Amino acid sequence: MASLATQCYAAGQYNYQGWKDMFYCISPHSWAYMGVALSIGLSIIGAAWGIFITGSSLLGSSIKMPRIKSKNLISVIFCEAVAIYGVIIAIILLTKCENLPKDLTPLNHDTVNTFIIKLIIDDQALWSAFAIFGAGISVGLSNLFCGVCVGVTGAGCALSDAQTPSTFVKILIIEIFGSALGLFGVIIGIIQAGKA
Amino acid sequence: MLGLEMVSFNADDGYPEAIIRSLRKGFLKEETYNQLKACSNLNEFKLVLEDTDYGSYIVNEANPIEIVVLKKKCKEKLMSEITHLIGQSTQPLTGFLQMMLHGYQIENVVGVIEGVKNDQPLELLLKGLDPLGYFPELKNIRTVEGDDYATLYQQVLVDLPIGNYFRKFLEVCIGSIGNDGAIKKDARFISDLMKDYKAEKIKNMLKKIWIGEFHRYCMQLPDVSRQVMDDLLKFESDCMTIQIIFNSIDIKGLSDARGREGERRKYINNLGKLFINLISIIGYLYPDRDRELTEADNFDKLKDACKGFEYERMLQQVSDIPSSKQGGDFGGKNDGGANQYASTMSIDDVMFTEKSKRYSMAFENQFHYGVFYAYLKLREMEIKNIVWLAELVSIGVPRQMPGWSKFVVPFKYHKEEVQQN
């Protein structure tokens, strides 16, 4: 499928088309690496946020009830897993980035407007870059909220375990469901970036 | 932050909240109460208590422990927990915790002023104070001599943590006295005023101001804290109102038409247009039932005034109704010995039970400040229970008396209700 840029070029319209051109002027490499950064960055924000929500509650509870401290590290590990998802996807996306053509020289040197020339990279590269970017956003955001979710549940888990030890396993199951949310994002991210 | 307490609350307040929630585990269980009830003397009583959280505070006391000392030690334990939390918290929680204690501080300050007035030695006074309301500046009150209340106010009271309430109190009083509209505030006036008011009245007014200020402070807090505290304070304020009206029904000066409009209003939290501009009025009954409550001069009218609120249900449980009590006094209703042991619920018992339930419920929500307040109140109730049982044990009241069951175990009602459903 021919991109908008190619259509413009074919029609001989080299001029500014509208604000949407801005996106085409950004190098595909930039998009791709932005996706990588978002996937790891947002995941880690989510994980860190979850750990501090869980951690501060765990810390306070374990003063009176030291027995809960090692048991409830599981909540922290669940939050940590969210960051690991981000790292895995970031690595997968990085290998995809290497498939992008290194050499993005313009196809046609005759054109006056250099910005428009840049648009005429091959469509496959542009498509891959956006796919990687999209995958990065899906993984990053889903892991951000997954981390917060697991963190809040983990805080509740620590508090209730201190009161009634029998609730620990029950809340842990809820926490596992929470941490599955991040996994959904990871699956979609892999599919999204699959053909890139 | 946008109502997202779940996300942002723990950044500042997660640690103290978790501490208070794990302290909740330390509340005496029903079994402990049963053990306490089974004691035959105070030595055994103390032995049972030593196995609880109170242990380290009372273990070094001489046997048999005096009830006054027992009470003081229990309160000291509670106070040390609260001060620990104040040390571990950041604003606005620190302010909240400090404000929570202001009510007790008001009682202490008024008590000390009253004692100094009667020429009691300050050391003795300071020993007898409620540990919950103790603060180091209390010693400064010593500097006042004789009747010089203006100096007392200007030099000591203003600098206290609760000086703000005293300032408002004076503004209110002077505002209400100077009917010409001009608010005079010279020193002579203050000393006249302080002489006129009885200590009890000053205390009531100050507490009224304090509850209003506390409520206002809570209104600035994030969503969940605000809702929980709003409910607790309104409920408490309503309870106090109903109790005051209930208790004043039999008192001539307060329940006739003039007393209802004037004197009684001054004690009531959420009635009182007198000072509406200066003291914020809180409570669910205000302003809807303001007129009905003011006109209530017997129990049925009071019940009608609360119609539609849960207070109606609470009042229905009350068994010693003031007007029927009169009948009993004059021999109109002779129950004999049979009914003597039947359990009766006075209005205090009903309110106590309901409050305990409310405060327990505050623990059901996470990420809010209400738990701190509820914890303080529940512990205070627990200490009341312990002291009550200690007194029964020391006097040796027969087992079949209804007094033995007059204690309230927190977090119990919820469990019962859940099981019923």
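**Loops, helices and a cis peptide**

Student: Where is Phe367(B) found?

Tutor: Phe367(B) is in the loop between α20 (347-362) and α21 (370-395) of chain B. Keep in mind that this is a predicted model.

Student: And is Phe367(B) buried or exposed?

Tutor: Its relative accessible area is 4%. The cut-off for buried is under 20%, so Phe367(B) counts as buried.

Student: What about phi of Phe367(B)?

Tutor: Phi of Phe367(B) is near 65 degrees, which is a positive value in a residue other than glycine.

Student: At what angle do α20(B) and α21(B) pack?

Tutor: The angle is about 140 degrees, and the axes of α20(B) and α21(B) are 8 Å apart. Their crossing is left-handed.

Student: Which residues of α20(B) meet α21(B)?

Tutor: On the α20(B) side they are Phe352(B), Lys355(B), Ser356(B), Tyr359(B), Ser360(B) and Ala362(B). The residues they meet in α21(B) include Gly370(B), Tyr373(B), Leu378(B) and Asn385(B).

Student: Another pair. At roughly what angle do α2 and α3 of chain B cross?

Tutor: Helix α2 (residues 30-38) and helix α3 (residues 42-50) of chain B cross at roughly 165 degrees, and their axes come within 8 Å.

Student: Parallel or antiparallel, then, for α2(B) and α3(B)?

Tutor: Angles over 145 degrees count as roughly antiparallel, so α2(B) and α3(B) are roughly antiparallel to each other.

Student: Left-handed or right-handed crossing for α2(B) and α3(B)?

Tutor: The crossing of α2(B) and α3(B) is right-handed. The contacts are made by Thr32(B), Gln35(B), Leu36(B) and Ala38(B) in α2(B), which meet Glu44(B), Phe45(B), Val48(B) and Leu49(B) in α3(B).

Student: Which residues does the cis peptide bond at Pro92(B) join?

Tutor: Gln91(B) and Pro92(B), with omega at about 0 degrees. Pro92(B) sits in the loop between α5 (67-88) and α6 (93-117) of chain B.

Student: Over to chain A. How many helices and strands?

Tutor: Chain A has eight helices and zero strands. Of its 196 residues, 46% are buried. Among contacts between residues at least 6 apart in sequence, 86% join residues at least 24 apart.

Student: Which residues of chain A does UniProt annotate as "transmembrane region"?

Tutor: The unreviewed UniProt entry puts that annotation on residues 31-52, 73-94, 126-159 and 171-193 of chain A.

Student: What does the chain do over residues 31-52 of chain A?

Tutor: Residues 31-52 of chain A are 100% helix and 0% strand, with end C-alpha atoms 31 Å apart. For residues 171-193 of chain A the figures are 96% helix and 0% strand, with the end C-alpha atoms 34 Å apart.

Student: What should helix α7 of chain A span at 1.5 Å a residue?

Tutor: Helix α7 (residues 123-163) of chain A has 41 residues, so at 1.5 Å a residue it should span 60 Å; the end C-alpha atoms are 60 Å apart, which agrees. α7(A) is mostly covered, with 30 of its 41 residues buried.

Student: Last one: where is Ile171(A), and which residues does it touch?

Tutor: Ile171(A) is in helix α8 (residues 167-192) of chain A. Leaving aside residues up to four places away in sequence, Ile171(A) touches Thr153(A), Gly156(A), Cys157(A) and Ser160(A). Ile171(A) and Thr153(A) are 18 residues apart in sequence, and their C-alpha atoms are 7.5 Å apart.

Student: Is Ile171(A) buried or exposed?

Tutor: Ile171(A) has 18% relative accessibility, so it counts as buried.

Note on methods:
Residues are numbered from 1 along each chain as its sequence is written. Chains are lettered from A and ligands numbered from 1 in the order in which they are written. This is a predicted model: local features need pLDDT of at least 70, side-chain atom pairs count only at pLDDT 80 or more; totals for chains, interfaces and linings use all residues. Side-chain values use heavy atoms; hydrogens and water are left out. UniProt positions are given in the numbering used here, feature names are shortened, and annotations may be inferred rather than shown by experiment. Helices (H or I, at least four residues) and strands (E, at least two) are DSSP runs, numbered from the N terminus. The expected span of a helix is 1.5 Å times one less than its number of residues. Buried means under 20% relative accessible area, exposed over 50%, partly exposed in between (1.4 Å probe, protein chains only). Axes are lines fitted to C-alpha atoms, for helices over the stretch in contact, and angles run from 0 to 180 degrees between N-to-C directions. Angles under 35 degrees count as roughly parallel, over 145 as roughly antiparallel, 65 to 115 as roughly perpendicular and the rest as oblique. A crossing is left-handed if the near helix is turned anticlockwise from the far one by less than a right angle, and right-handed if clockwise. Contact means heavy atoms within 4.5 Å.
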